[in-house]
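Look at the sequence and the structure first.

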Protein chains: 2
Amino acid sequence: MSTSAEFRERLASFGGAARSAAAAYLDDDALSPYLLTPAGDYLGRGGKGLRPALCLATCAAYGGREEEAMPSAAAIELVHTAMLVHDDVEDDSELRRGRPTLHRRYGRAGAINAGDGLAVVALGALRDNERLLGTRLASRVWSEFDVMARQTVSGQARELGWMRDGRTDLCPDDYLDLILQKTCWYTTLLPLRVGALIGSRGAVDLAAMTRFGFFLGAAFQIRDDVLNLVGSQAVYGKEALGDLREGKRTLVLIHLLAAAAPADRERVRRFLALPPAQRSSDQVEQIVALMHDHGSVAFADEFGRGIARAAAQSFEEAFAGLPGTPARWFVRDLVTYMVERDR
Amino acid sequence: MSTSAEFRERLASFGGAARSAAAAYLDDDALSPYLLTPAGDYLGRGGKGLRPALCLATCAAYGGREEEAMPSAAAIELVHTAMLVHDDVEDDSELRRGRPTLHRRYGRAGAINAGDGLAVVALGALRDNERLLGTRLASRVWSEFDVMARQTVSGQARELGWMRDGRTDLCPDDYLDLILQKTCWYTTLLPLRVGALIGSRGAVDLAAMTRFGFFLGAAFQIRDDVLNLVGSQAVYGKEALGDLREGKRTLVLIHLLAAAAPADRERVRRFLALPPAQRSSDQVEQIVALMHDHGSVAFADEFGRGIARAAAQSFEEAFAGLPGTPARWFVRDLVTYMVERDR
């Protein structure tokens, strides 16, 4: 099964509306043009708008109006963009959405500051919630962003720490713990929880939403790991094999370290012990070959599909009792999209 | 006139209380140890605590209790620390408070992420204001942080843009505009405005406070520019001449560009046109000599003293009608401190 034209149209519509709202928050006379040029760059490159679309659709599925969730959806897109900018500096990535990364275009200092600016504008967008939702609900939404941000910076620190410490003793559970922090909170849990809080005026059962968000976000991240290895750079928009070159502890790499015979495992360890700049393209290709030989890519792909099946089940629980609306169908179809997407 | 022992004790007391409060906000089980080690590093190095001290004292001078302003003062110290971390990466500085900068110690990626984490924790601290001050006043305080952050990232972007564009046609007014944005908002305007808002329960005249804050912050920044040129590195805690090596458009440099004869001006321009890494220590020393020869350092020093006199006058207006309390005396004495300090 693949996603329908209707789903893709709805994704484009939700994502486009949130991107426009995000861009409107950048249109502020208090912000210097020196800031706005780099800060607006990634937003102008499009992007899928998955995260704000999930927030808007969840709000609608829970009976809310789209515009009630719009400042939050815009803030989600702005925070996401801020993180992309800082991640790209941290990983020294070359490409984002098929074009040079922000720090390659504007220098490292300008990019770090632009990321800070995007985060500032994101938080400013949340101030509109007070008027729109009342102080009580607005405060709960703010709290969700606060929790998300703590989880995300902690996950990011943990991933960097694992690379710094040269960890090669990790298991899939460590990986799932990590991506719950570094990916799921901002990619799926926050959009779902905020959308449901607003749509239900605070009456939602967040525990079921959290389970669904974890499976959905994990399916997304595992697909991302696989795409970084096997995807077409032209479609995917990031440099191929970047995760491996950086030494990220993906599910594929963790599988390889466990499955390889001692001699091959030692080769992988030696590769990971090199400073990133000293890892040659030949060496990267050799590790990719090992990943295919040992079935590590196929393992991660199948693991991701299993998680997506769990997501499909937990969706039914999280969205139980809600009428069959296009917004509800959209969220259901996102599960399939997460594992089928090629960018 | 120099500051009294009483003033210095009060600064240590206010600053210490705010630093403890800031550290307590980092003590959160939701934050990974991988994040907390770098994030807590600069806070553990001490620092003057000028900014939170100004906020606490202003609140007290306006009749508030110190603890009512404590979450805001902690947030000010945390935001300031976050900025120091990002600034140090942006400028690739070597020293902070006499020890290696965070990115030299933990890597660039870890430092950028630690700065993000500090900003997240700062905003979280503001959530305590809802309970402490009520939603209405808490919302005004949040708004002050929002305005400050927009100004600061815009000022930072502008300064980076001036260096990128190789600007050598700037005048003191441009410089004052810049430091209003990049320094005064977070160093003096925010602490003063927030302290006064909380102390007066929102009844303060913020316009007079803003004038005072501008002069006070400008005196602080001009002193900083001068200390970077003539200060003792061991006392000052940052690498000497770092601003000049980076090409920062300080008041001293702007004066030199205007005052130098054509041949010397051309030398300065050639120096500024070099990429920072290609500026030799010999060249930096030669520019410093030109700055002394042309009276540029003395000019900035005198300019700073003039601004401090304006600050002393506007203090009387901003704190008019308040009882003569130790907190009020402390803020008055800060004016002298700003231009006398050697670190």
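At roughly what angle do the axes of helix α13 and helix α14 of chain B cross? The model is predicted. In it, the two axes cross at roughly 140° and come within 11 Å. Helix α13 of chain B covers residues 262–273, and helix α14 of chain B covers residues 281–293. The crossing of α13(B) and α14(B) is left-handed.

Which residues make this contact? The table lists them by helix.

| Helix | Residues in the contact |
|---|---|
| α13(B) | Asp264(B), Arg267(B), Val268(B), Phe271(B) |
| α14(B) | Gln283(B), Val284(B), Gln286(B), Ile287(B), Leu290(B) |

By class, five of these residues are nonpolar, two are polar and two are charged.

Now turn to the two chains. The size of an interface is often given as the accessible area lost when the parts come together. Chain A and chain B bury about 4100 Å² between them. Carbon and sulfur atoms account for 59% of that area. On the side of chain A, Tyr34(A), Trp142(A) and Arg150(A) lose the most area to chain B. Together they give 20% of what that side buries.

How many residues are in contact? In chain A there are 47, and they touch 47 residues of chain B.

Polar links also cross the interface. There are 20 residue pairs in polar contact. Five elements of chain A give two or more residues each to the side that touches chain B: α2 (33–41), α4 (70–91), α5 (102–106), α6 (108–126) and α8 (135–164). The largest share, 17 residues, comes from α8(A). By class, this side of chain A has 19 nonpolar, 15 polar and 13 charged residues.

The interface also holds two salt bridges. In a salt bridge, the side chain of Arg150(B) meets that of Asp28(A), at 2.7 Å from N to O.

How values were computed. Residues numbered from 1 in each chain as written. Chains lettered and ligands numbered in written order. Predicted model: local features only at pLDDT ≥ 70, side-chain atom pairs only at ≥ 80, totals over all residues. Heavy atoms only, no water. Contact = heavy atoms within 4.5 Å. Buried area = accessible area lost by both parts, 1.4 Å probe. Salt bridge = Lys/Arg side-chain N within 4 Å of Asp/Glu carboxyl O. Polar contact = N/O pair within 3.5 Å; in protein donor to acceptor, adjacent residues only side chain to side chain. Helix = DSSP H or I, 4+ residues; strand = E, 2+ residues; numbered from the N terminus. Nonpolar A, V, L, I, M, F, W, Y, C, P; charged D, E, K, R; others polar. Axes fitted to C-alpha atoms, helices over the stretch in contact; angles between N-to-C directions. Left-handed = near helix turned anticlockwise from the far one by under 90°.
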